[in-house]
Amino acid sequence: MVQSLLIAVRMAKLSRGPCVGGWERVRGLSSRHSALCAPQGTVEMRETGAAGAEDPSSPFSRSLIGTFFQDQPLLGNQLLEDALLQGYLRRHLPPEVLGEVCSDLERFSERLCSEIQALGRQCEETPPRLQHYDPWGRRVDRIITCPAWGRMKEISAEEGLVAAGYERTYGQWSRVYQVSKLYLYCPSAGLFSCPLAMTDGAAKIIESIGVSGLLEKPFRQLTSRDPKRFWTSGQWMTERKGGSDVASGTETVAKPQPDGTYRLYGFKWFTSATDSDMTLTLARVADKHGQTLQGSKGLSLFYVEVRDEQGNLNNIEVQRLKDKLGTRQVPTAELLLDGVRAQRISEEGRGVASIANMLTITRIHNVISAVGCMRRIINLGREYATKRFVFGKFLKEHPLHMQTMARMEVETRAAFLLLMELSRLLGREETGCASELELHMLRLLTPVAKLYTGKQAVAVISEGLECFGGQGYMEDTGLPVLLRDAQVLSIWEGTTNILSLDVLRSLAKSRGRVLEAFFTDIKRKLEAASVRPALTPAMKAVESSLHSLGQFAQVSSERGPDFMQLSARDFAYSLARIYMGTLLVDHAAWEGASQSDLCAALRWCEQDLCPVVTKEKTGCYSRDSSAMDTALVYEGSPAVRGRL
């Protein structure tokens with residue numbers, strides 16, 4: 001009898017104390033931490049019913065579901081938890097800039113926990129929808145987004161997430177500041193980072209063309225800190241025939257009007273951030289006979305305001321919203337352009353050349369998203385490892401688990417330093433400080449960084465989900481969305497193969513000067529790092545790989561374009577790994593570097609830094625190998641039996 005009473009008392013305490021106490025801890029968190037998914041204060045615990053007390057010796061009687069509840073990972077101040085970001089800023093920013101930037105980033109990181117993270121989750125849970133008709137049958141084509149999406153737009157203006165790159169408050173370091181802020185923001189943004197990328201790209205084009213006349217208004221709106229004035233921009237380039245091949249795939253026609261404007265007619269198959277205020281798009285100008293010039297020379301760039309002053313669509317029909325694997329938070333639509341009013345902002349036939357600056361910006365934003373989400377999954381994973389107790393100890397005490405996370409960490413550190421080097425080079429280019437070598441490096445590293453970090457993000461985030469076991473697969477934890485959204489990073493703004501070929505184009509167009517700059521820059525960085533003997537193994541690995549790459553480049557130039565195209569992907573990977581190794585070595589040689597910086601450099605350089613040479617030795621770029629590739633892929637396919 002006494003024993004039964006003791007059991008009843010103990011079970012009552014366990015069923016109510018730990019459960020309620022656990023949620024009270026979440027409710028009472030300071031702004032330093034926030035729950036990963038649920039907005040604070042929204043969880044209510046049900047009282048155990050009287051029936052649950054009928055058999056207190058049974059721990060799972062009716063509504064009583066047991067005594068253990070796993071603590072969820074909490075989001076802390078992401079600046080204060082990022083030693084590499086802090087170290088990079090201390091190393092590079094001038095003292096008069098460092099204090100202001102770090103203060104703002106720390107404040108912003110608190111806002112991520114207290115406000116932005118919950119808004120981003122709401123954007124994921126309430127995706128946009130399309131209303132074709134109003135209640136009275138009128139065609140309205142309204143893209144309806146959730147209130148959190150609108151609030152994200154206001155916050156983006158308040159925080160200057162685009163404006164910071166154009167105000168140039170910190171001179172050549174303004175882009176480093178902006179990119180650092182976006183890197184912290186992206187994993188919590190509910191994909192509002194996508195319209196910000198488009199907006200930044202549009203502002204860059206306008207700035208490069210000249211902020212005057214009709215372009216003065218959109219530039220001021222795109223770079224405003226006033227939430228009531230701030231505009232976002234879409235990007236309407238892709239058509240059904242095209243994808244990345246806009247030169248042959250663009251069918252949209254621009255008909256000149258007597259007042260100097262144009263009317264656009266066409267079908268845009270994939271429009272990003274379709275709910276934006278304005279957009280830039282490509283079209284072919286028709287002559288007086290209605291004829292257009294095909295190829296890239298026939299394309300011009302146009303500025304379009306999506307709605308008129310009354311809020312009506314500018315002769316645009318929204319056919320449907322895209323049903324995507326990830327990035328569901330972002331309205332992406334198919335559009336029919338039926339006489340859209342537009343202004344040509346490029347020289348006629350110079351549309352493709354005019355969007356080059358935009359591609360630089362949007363590809364860097366792609367890298368920001370990749371690196372930011374890699375860092376986020378690691379930060380959550382390591383926090384979870386301090387509270388998940390399995391097989392007699394916490395996850396952080398299992399050496400194999402720590403080894404896995406350390407490998408993820410090395411990948412992320414290398415990607416971060418590549419991102420920050422890109423932002424540094426961009427800032428110098430925009431303020432007229434960049435040398436010829438730095439301009440070449442910016443041209444080369446932009447596609448290289450985009451293609452490589454896109455692949456890294458998918459691999460690292462996938463591995464990161466495993467750190468949470470089954471909970472990493474559950475949508476209501478807010479974790480799987482990181483992986484679904486990451487998959488777009490290797491596709492959007494050019495797939496891995498497309499960008500690999502773009503790297504080759506940069507070499508050809510510069511007549512090899514881009515590659516010369518690559519070799520020169522690495523040798524300078526390694527020479528400066530030679531003061532730290534502990535880095536010798538990593539430096540030797542980089543030097544050896546660089547030498548092998550140089551020999552490959554010499555040989556490949558004699559073997560023709562087919563050989564180079566076959567090797568393009570591995571060549572781009574080699575550029576990425578060698579340069580990322582160099583950046584890790586360079587950072588680890590800094591006098592303020594930590595032991596972890598040294599460890600990351602050594603571990604990165606243990607891998608094959610030059611896979612293009614390794615693959616070439618196996619003959620995989622030969623004509624015979626290419627023929628075998630096709631035979632291997634199509635064996636058994638009806639396509640080779642004449643049935644398709």
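A salt bridge here is a side-chain nitrogen of Lys or Arg within 4 Å of a carboxyl oxygen of Asp or Glu. I am working on a predicted model.

**Entry 1: Glu429 and Lys204**

I began with Glu429 and Lys204. Their side chains meet in a salt bridge, at 3.6 Å from N to O. I then looked up where each residue sits. Glu429 belongs to helix α12 (residues 399-430), and Lys204 to helix α7 (residues 193-209). The two are 225 residues apart, so I noted this as a link between distant parts of the chain. Buried or exposed? I checked Lys204 and found it buried, with a relative accessible area of 7%. Glu429 is partly exposed, at 30%.

**Entry 2: Lys181 and Asp104**

Next I took Lys181 and Asp104. I found a salt bridge between their side chains, 2.8 Å from N to O. Lys181 lies in helix α6 (residues 174-185) and Asp104 in helix α3 (residues 95-125), so this pair ties together parts 77 residues apart in sequence. Both Lys181 and Asp104 are buried.

**Entry 3: Glu334 and Arg320**

I moved on to a pair in strands. Glu334 forms a salt bridge with Arg320, and their closest N and O atoms are 2.5 Å apart. Glu334 is in strand β11 (residues 333-344), Arg320 in strand β10 (residues 316-321). They are 14 residues apart. Glu334 counts as buried at 5% relative accessibility. Arg320, at 43%, counts as partly exposed.

**Entry 4: helices α16 and α17**

Last, I looked at a helix pair. The axes of α16 (residues 513-529) and α17 (residues 536-556) come within 11 Å and cross at roughly 160°. Angles over 145 degrees count as roughly antiparallel, so α16 is roughly antiparallel to α17. Their crossing is left-handed.

I wrote down the contact residues too. From α16 they are Leu515, Phe518, Phe519, Ile522, Lys523, Leu526 and Ala529. From α17 they are Met539, Val542, Glu543, Leu546, Leu549, Gly550 and Ala553. How many residues of each class make the contact? I have 11 nonpolar, 1 polar and 2 charged.

Terms used:
Residues numbered from 1 in each chain as written. Predicted model: local features only at pLDDT ≥ 70, side-chain atom pairs only at ≥ 80, totals over all residues. Heavy atoms only, no water. Helix = DSSP H or I, 4+ residues; strand = E, 2+ residues; numbered from the N terminus. Buried < 20%, exposed > 50% of the residue type's maximum accessible area, 1.4 Å probe, protein only. Axes fitted to C-alpha atoms, helices over the stretch in contact; angles between N-to-C directions. Parallel < 35°, antiparallel > 145°, perpendicular 65-115°, else oblique. Left-handed = near helix turned anticlockwise from the far one by under 90°. Contact = heavy atoms within 4.5 Å. Nonpolar A, V, L, I, M, F, W, Y, C, P; charged D, E, K, R; others polar.
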